[in-house]
Amino acid sequence: MSEYDKYVKAVNKIFEVIAKMKENWKGQDNLNYIASVEDYKQIVIDSSKNFSTSIKTSMEELGND
């Protein structure tokens, strides 16, 4: 499994757990905390794209020896 695949798997797991928390923790404070964590979801997705691009670039550079 590549580093990128590990990263994606970990991120997906985090947001799966957050979704379960949202279903089971109905208190308004809890929902507010969960919403604040979910605000970072797009940042994480964008970072994964950068991570993927940097890995591809590094692999291409290795192939240019």
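These legends accompany several close-up views of one predicted model.

Overview. Residues are numbered from 1 along each chain as its sequence is written, and side-chain values use heavy atoms, with hydrogens and water left out.

**Confidence view. Helix H2 has the highest mean pLDDT among the elements, at 92.** Helix H3 (residues 41–63) sits at the other end, with the lowest mean, 72. For the protein chain the mean pLDDT is 82, and 82% of its residues reach 70 or more; pLDDT is the predictor's confidence in each residue, from 0 to 100. A friendly reminder: where pLDDT is low, the predicted coordinates should not be read in detail.

**Surface view. Of the 65 residues in the protein chain, 9% count as buried.** Buried means under 20% relative accessible area, exposed over 50%, and partly exposed in between (1.4 Å probe, protein chains only). The accessible surface comes to about 5,400 Å², and 56% of that belongs to carbon and sulfur atoms. Areas come from the Shrake-Rupley method with a 1.4 Å probe; for residues, only the protein chains shown count as cover.

**Salt-bridge view. Glu38 and Lys22 join their side chains in a salt bridge, 3.4 Å from N to O.** This pair links distant parts of the chain: Glu38 belongs to helix H2 (residues 28–38) and Lys22 to helix H1 (residues 3–24), 16 residues apart. The structure holds one salt bridge, defined as a side-chain nitrogen of Lys or Arg within 4 Å of a carboxyl oxygen of Asp or Glu. Glu38 is partly exposed at 28% relative accessibility, and Lys22 is partly exposed too, at 41%.

**Glu38 view. Beyond residues up to four places away in sequence, Glu38 touches Phe15, Ile18 and Lys22.** Contact here means heavy atoms within 4.5 Å. Glu38 and Phe15 are 23 residues apart in sequence, yet their C-alpha atoms are 8.0 Å apart in space.

**Phe15 view. Lys41 lies over the face of Phe15, 5.2 Å from the ring centre.** A charge sits over a ring if NZ of Lys or CZ of Arg is within 6 Å of the ring centre and within 35 degrees of the ring normal.

**Ile34 view. Ile34, in helix H2, is buried, with a relative accessible area of 3%.** Leaving aside neighbours within four places in sequence, Ile34 is in contact with Ile18, Met21 and Lys22. Ala19 is 15 residues from Ile34 in sequence, and the C-alpha to C-alpha distance of the two is 8.7 Å.

Conventions. Predicted model: local features only at pLDDT ≥ 70, side-chain atom pairs only at ≥ 80, totals over all residues. Helix = DSSP H or I, 4+ residues; strand = E, 2+ residues; numbered from the N terminus.
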